[in-house]
Amino acid sequence: MAKFIKDIHDLVDFLAGKNLANKQPPEKIDQVLYEVVIDLFNENYKVYVKTQEISDFLLAFKRIKRVTATGNVATLPGDYQHMRAIRTVAGGKVDLVEDKFWDGRKNSRVAPPSQTNPIARIEVPEADPAGRMIEMYPGQDLVLEYFKTPVKPVYAYDIQGTRYVYNDAASVDVDFGPLLFPEIKTRVLSQLGVNLRDRDLTQYATK
């Protein structure tokens with residue numbers, strides 16, 4: 001079964017053939033699609049706890065991984081985007097502490113951090129500004145529940161003469177499920193300067 005990204009490209013090409021849109025290179029369509037996916041991810045992330053429907057939209061982005069501590073730090077997964085929860089390997093809760101409260105919590109005499117009551121914060125390594133690490137006290141392996149970064153969709157193709165021939169095996173699809181496909185189509189076309197009308201969509205669906 002062809003990926004959704006092929007349907008997006010076919011739709012844009014179909015509308016270009018009807019002179020409702022300008023012909024676009026595959027890379028341009030991919031970039032616009034990725035921007036739409038990022039926007040949808042951010043919009044849903046901000047309100048995902050409000051309804052089960054929105055939580056379900058983000059299921060494809062949820063990850064649970066164990067990270068190994070070296071001293072008091074561990075490297076976050078490369079696809080990390082937003083933290084959901086942190087726990088110890090034994091299942092205990094880990095408090096994610098803001099920087100301004102870190103020293104106070106770390107040096108607290110009333111409720112000092114311990115193996116069963118640890119604290120953690122997200123840091124950016126000075127030697128690697130693009131990286132992310134988690135500092136915990138006391139040091140121990142942790143289990144992270146987080147949202148991963150959306151993948152960048154890719155419409156892979158081979159060139160035959162003057163035609164782009166779709167390569168399904170090498171293509172990368174969007175992470176979102178089918179329920180958001182109509183919304184994604186509408187936003188992609190809008191960013192490409194196309195206002196999709198019902199009759200145009202009907203013609204495309206039956207072509």
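This is a predicted model: local features need pLDDT of at least 70, side-chain atom pairs count only at pLDDT 80 or more; totals for chains, interfaces and linings use all residues.
# Reading strands, burial and a pocket

Me: How should I read strand pairing in general?
Reply: Strands in a sheet pair through backbone hydrogen bonds, and they do so either parallel or antiparallel. In this structure, β1, covering residues 62-67, is joined to β7 by 6 bridges, and the two run antiparallel.

Me: How many residues of strand β7 are buried?
Reply: 7 of the 7 residues in β7 (residues 142-148) are buried, so the strand is largely enclosed by the rest of the structure.

Me: What about a charged residue in that strand? Is K148 buried or exposed?
Reply: K148 sits in strand β7. Buried means under 20% relative accessible area, and K148 has 5%, so it counts as buried. Its side chain has a polar contact of 3.3 Å with the side chain of D175. Leaving out residues up to four places away in sequence, K148 touches F41, A60, F61, R63, D79, Q81 and D175.

Me: There's another sheet I'd like to follow. What is the order of strands in the open sheet of 4 strands?
Reply: The order is β2-β6-β5-β4, and the pairing is mixed. At the edges are β2 (73-75) and β4 (95-96), each pairing on one side only. For a parallel pair, look at β4 and β5, which share 2 bridges. There, D95 stands opposite I119 of β5.

Me: Where do the side chains point in a strand like that?
Reply: As a rule, side chains in a regular strand alternate between the two faces of the sheet. Now try R121, which belongs to strand β5 (residues 119-123). With 16% relative accessibility, R121 counts as buried. Its side chain makes a polar contact of 3.2 Å with the side chain of E123.

Me: Which residues is R121 in contact with, leaving aside its neighbours within four places in sequence?
Reply: The contacts are L96, V97, D99, W102, M133, I134 and E135.

Me: What should I look for in backbone angles?
Reply: Most residues other than glycine have a negative phi, and most peptide bonds are trans. This structure lets you look at both angles. The peptide bond from Y137 to P138 is cis, with omega near -5°, and P138 is in the loop between β6 and β7. For phi, go to the hairpin of β8 and β9: it has 2 residues between the strands, and G161 takes a positive phi near 70°.

Me: How many bridges join β8 to β9?
Reply: There are 4 bridges between β8 (residues 157-160) and β9, running antiparallel.

Me: Now the pockets. Which residues line the largest pocket?
Reply: The lining is H9, D13, K23, Q24, P26, I29, Y155, T162, R163 and Y164. By class, that's 4 nonpolar, 3 polar and 3 charged residues. At least two lining residues come from each of α1 (4-17), α2 (26-47) and β9 (163-166). The volume of this pocket is about 160 Å³.

Me: Finally, the whole chain. How many helices and strands does it have?
Reply: It has 6 helices and 9 strands. Of its 207 residues, 38% are buried. Among contacts between residues at least 6 apart in sequence, 68% join residues at least 24 apart.

Key:
Residues are numbered from 1 along each chain as its sequence is written. Side-chain values use heavy atoms; hydrogens and water are left out. Buried means under 20% relative accessible area, exposed over 50%, partly exposed in between (1.4 Å probe, protein chains only). A polar contact is a pair of N or O atoms within 3.5 Å; within protein, one must be able to donate a hydrogen and the other to accept it, and residues adjacent in sequence count only if both atoms are side-chain atoms. Contact means heavy atoms within 4.5 Å. On a 1 Å grid over the protein atoms alone, a cavity is a set of points where a 1.4 Å probe fits but cannot get out, and a pocket is an open set with protein on both sides within 12 Å along at least five of seven lines; lining residues have an atom within 4 Å of a point. Grid points are joined across faces, edges and corners, and a volume is the space filled by probe spheres set on the points. Ala, Val, Leu, Ile, Met, Phe, Trp, Tyr, Cys and Pro count as nonpolar, Asp, Glu, Lys and Arg as charged, and the others, Gly among them, as polar. Two strands pair if DSSP finds at least two bridges between them.
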